[in-house]
Amino acid sequence: MTETTIQEAADIVQIVDDRPTGVRAQLAEFWSYFSENRGAVMGLFFFIAVVLIAVFANFIAPHLPNQQFRDALLQPPFWQTGGDVKFLLGTDAIGRDMLSRLIYGSRYSLFIGCIVVSFSLVVGVILGLVAGFFRGRIDTFIMRIMDVVLAFPSLLLALVLVAILGPSLINAMIAIAIVQQPHYVRLTRAAVMSEMTKDYVVAARVIGVRALRLMFITILPNCMAPLIVQAALSFSTAILDAAALGFLGMGAQPPTPEWGTMLAEAREFILSAWWVVTFPGVAILTTVLAINLMGDGLRDALDPKLKRS
Amino acid sequence: MFLYLLKKLGVILPTFFGVTLVAFVFIRMLPGDPVLLMAGERGMSEERHTELMAKFGFDKPILVQYGYYLKQLAGGNFGTSIITRKPVLDEFITLFPATAELSLFAMIIAVFFGLPAGMIAATRRGSTFDHTVMTGALVGYSMPIFWWGLLLIIFFSGILGWTPVSGRISYLYYFEPVTGFMLIDSLLSGQEGAFSSAISHLILPAIVLGTIPLAVIARQTRSAMLEVLSEDYVRTARAKGLGPQRVIGLHALRNALIPVITVIGLQVGVLFAGAILTETIFSWPGIGKWMVDSIFRRDYSAVQGGLLLIAAIVMLVNLAVDLLYGLINPQIRHTD
């Protein structure tokens, strides 16, 4: 076949199929599916708002997170008697402004989500690729290890890991990332195994593409959809688990304004000062809810095979 | 079916050895050696240390030690608590009924509300009821349950004064445990008011623990039901002129329940994780609180034993669910 005939063939294809292609078109298609789901769009906007709040915390927060106002201990929110507009959501037991602590706390939650997801995603994808691509003994070995990790209730294993490593935010993130690992490995492996039998992979093999390129460039991009959905869902799980560890005293340590840790400090005032208990939980719940809404929308948009329900 | 069981066991046995390995390695990853850990804050002399290291076999090669550990486990010895000096297994067995009762009650709440909610939502797809259930389920699924527990305490114990804040039963009542289930024991004791006291202690923790399973079950039932409702045999049943109740109740529900049962079984791990938080908030004297307390008391042999026992229970329940699944859905045991 000569150069010109290939060109002609390409031209014909061009004429037949004049749909826009490329990243922009893909994004447009994605958005048209995603925006069908109103909840998902709401979740997305809320999430963007949280990100902005976290980034600009210095400018938005009325006070510093650890600044103590000794003359305003456990002051209620401004709309209650005894409240003050200086502290919109009241103050905690040692006179720190609740609103400012919540605003700064968003940084920790997002940071935790990002680190945990990227760590478990990268390692999980590599392990899953290796397992699904090579099969055989290495596959059995990796999957057995993942089975062992999954045999423990996730929070319990994370708790024990933190007990070994010592309680801190970093160690809590490491523990949560390890606990979430198996889900990525399983998903990637399953996706890789179903792609492996397809013609384009066989074709690539036949023309002699090497293993690494085959794994990461040929196969992996076609396995991304379930992984992106899982990433969104595990982002919210990471925030919840980190808050739970903080609440148990095994995550971020006081005076860090992490939401779970704030709840732990507030526990003894549960019957006397409702606001120190209520607001950090509202912050966790709304953030996690927004991310889960987004995750549902992502699943609908990225996986048209799933029945829309 | 027997082959299927063997196949499942072939997967679960290596996993169980892996779990014992994790429990074994756990105590050796802690700073200091096991004897120093047992001595606790007091510390001990050099000679006594060497003597004890030899006595417990900690001076032997690590593989020999692991073999020794497995032998212990086979004999039902899950270690001795450093703090109470009681066998870990005994403590576990004493506390387990409290967690079992709480989890069972939580699961009953979750199934009792989740199943019908998901079913009705599916049959009235797109209705206000459907939207409400799905929104509620997503909120429940996103709930930080430790905070949810605190909120319920504020409302029902603080403002309304209806329920107690902690424990399993009021101090006014005392009786020897027979089954370990407070609801049953309080009835057996014949003491007036004991049962209602036990119920009022149980209800809030059970709601808290049941929240996430409830949300998961509602979502799963709905989507399983939607899938089944579009199947040919449902259309056939409708075409035959069967009433909607018979179609949904008999033909659709039975098939929709298959994936739902799996999901219910898989919630056992979730329940244990939730029990850690729930029991801590409500001072519920069960396994979850015991694990957290043991970690804080640095009672590492209790943590080691508890970790292993909990993983074993989760694995056994998952195996049971797998078998049940194979039993009700022949497709599963004949494929793969």
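Chain B averages a pLDDT of 84, pLDDT being the predictor's confidence in each residue, from 0 to 100. In chain B, 94% of the residues score at least 70. The predictor gives the complex an ipTM of 0.86 and a pTM of 0.87.

Some ground rules. This is a predicted model, where local features need pLDDT of at least 70, side-chain atom pairs count only at pLDDT 80 or more, and totals for chains, interfaces and linings use all residues. Residues are numbered from 1 along each chain as its sequence is written, while chains are lettered from A and ligands numbered from 1 in the order in which they are written.

Now the interface. How many residues of chain A are in contact with chain B? The number is 35, and they touch 39 residues of chain B. Contact means C-beta atoms, placed from the backbone, within 7 Å. On the chain A side, the elements giving two or more residues are α6 (136–151), α7 (154–165), α11 (224–247) and α13 (274–302). Helices here are DSSP runs of H or I, at least four residues, numbered from the N terminus. The largest share, nine residues, comes from α13(A). By class, this side of chain A has 26 nonpolar, five polar and four charged residues. Nonpolar covers Ala, Val, Leu, Ile, Met, Phe, Trp, Tyr, Cys and Pro; charged covers Asp, Glu, Lys and Arg; the others, Gly among them, are polar.

Next, a helix pair in chain B. Helix α11 (residues 244–281) and helix α13 (residues 300–328) of chain B pack at about 180 degrees, axes 10 Å apart. Axes are lines fitted to C-alpha atoms over the stretch in contact, with angles from 0 to 180 degrees between N-to-C directions. So α11(B) is roughly antiparallel to α13(B), a label for angles over 145 degrees. Residues in this contact include B:Ile258 and B:Phe272 of α11(B), and B:Val314 and B:Tyr325 of α13(B). The contact divides into 11 nonpolar, four polar and no charged residues.

Then helix α10 (residues 232–239) of chain B. Buried or exposed? Buried takes 20 or more other C-beta atoms within 10 Å, exposed 12 or fewer, partly exposed in between, with C-beta atoms placed from the backbone. B:Gly241 follows α10(B), with a positive phi near 95 degrees.

Last, B:Gly167. It sits in the loop between α7 (145–159) and α8 (182–189) of chain B. B:Gly167 counts as partly exposed because it has 14 C-beta neighbours inside 10 Å.

Definitions and conventions
Contact = placed C-beta atoms within 7 Å. Parallel < 35°, antiparallel > 145°, perpendicular 65-115°, else oblique.
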